[in-house]
Amino acid sequence: MDNTTTLRQWFDRVDSEKTGSITATQLKSALAVGNLQFSLSIVQQMIRMYDFDRNGTMSFGEFVALNKFLTKAQRAFSDVERNRGYLLPDDVHEALGKIGFSLDSPAFYTVCESFDQKKDGRFRLDDFISLCIFLQSARNLFNSFDTAKQGRVTLDLNQFVYCTANCRI
């Protein structure tokens, strides 16, 4: 059975009402079955990240896109966790690089501090994925304002408020 078939079966089980889409609550419960514990706000951010039709739920195609992202993050985590079950900040930096995120030291340490849930310097898989979801959402939003693709944007106050409201978790 290929991955798409497996994903379809999983999606259909989660879509218990057979609507063709799943809600944040359904996705949160389904991820918990796979030992991934996320707050509802992070799951909602996952949906916003891949909600291409902007209806507030996740279709199967959107779910496949999210799964690709989560698989990439899990693979990067596994590549550097050294059988400890967690990453240290240097490992987080290395794993983020594998996914394509490059942050300067102040930005990196600020997001690490924000996503270190237990404040112990150890990032479990769900902490790391939450951090990746935030960074990808921030990147997507930044790119929507960086129309010249120069890596810089100028925002007025309304745009800044819009950005901060959309990146909060």
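Trainee: In which helix does Asn67 lie?

Mentor: Asn67 belongs to helix α4, residues 60-80; helices are DSSP runs (H or I, at least four residues), numbered from the N terminus. This is a predicted model, in which local features need pLDDT of at least 70, side-chain atom pairs count only at pLDDT 80 or more, and totals for chains, interfaces and linings use all residues. Residues are numbered from 1 along each chain as its sequence is written, and side-chain values use heavy atoms, with hydrogens and water left out.

Trainee: Is Asn67 buried or exposed?

Mentor: Buried means under 20% relative accessible area, exposed over 50%, and partly exposed in between (1.4 Å probe, protein chains only). Asn67 has 18%, so it is buried. Beyond its neighbours within four places in sequence, Asn67 is in contact with Asn3 and Leu7, where contact means heavy atoms within 4.5 Å.

Trainee: How many salt bridges does a search of the whole structure find?

Mentor: A salt bridge is a side-chain nitrogen of Lys or Arg within 4 Å of a carboxyl oxygen of Asp or Glu. The search finds 6. One of them links Asp12 and Arg8, at 3.3 Å from N to O. Both residues lie in helix α1 (residues 3-14), 4 residues apart, about one turn of the helix.

Trainee: Which residue forms a salt bridge with Arg84?

Mentor: Asp91 does, with the closest N and O atoms 2.3 Å apart. Asp91 is buried at 7% relative accessibility, whereas Arg84 is partly exposed at 29%.

Trainee: Which side chain meets Arg124 in a salt bridge?

Mentor: Asp120 meets Arg124 at 3.6 Å, N to O. Elsewhere, salt bridges that share partners join Arg82, Arg84, Asp91 and Glu94 into one network.

Note on methods. Helices (H or I, at least four residues) and strands (E, at least two) are DSSP runs, numbered from the N terminus.
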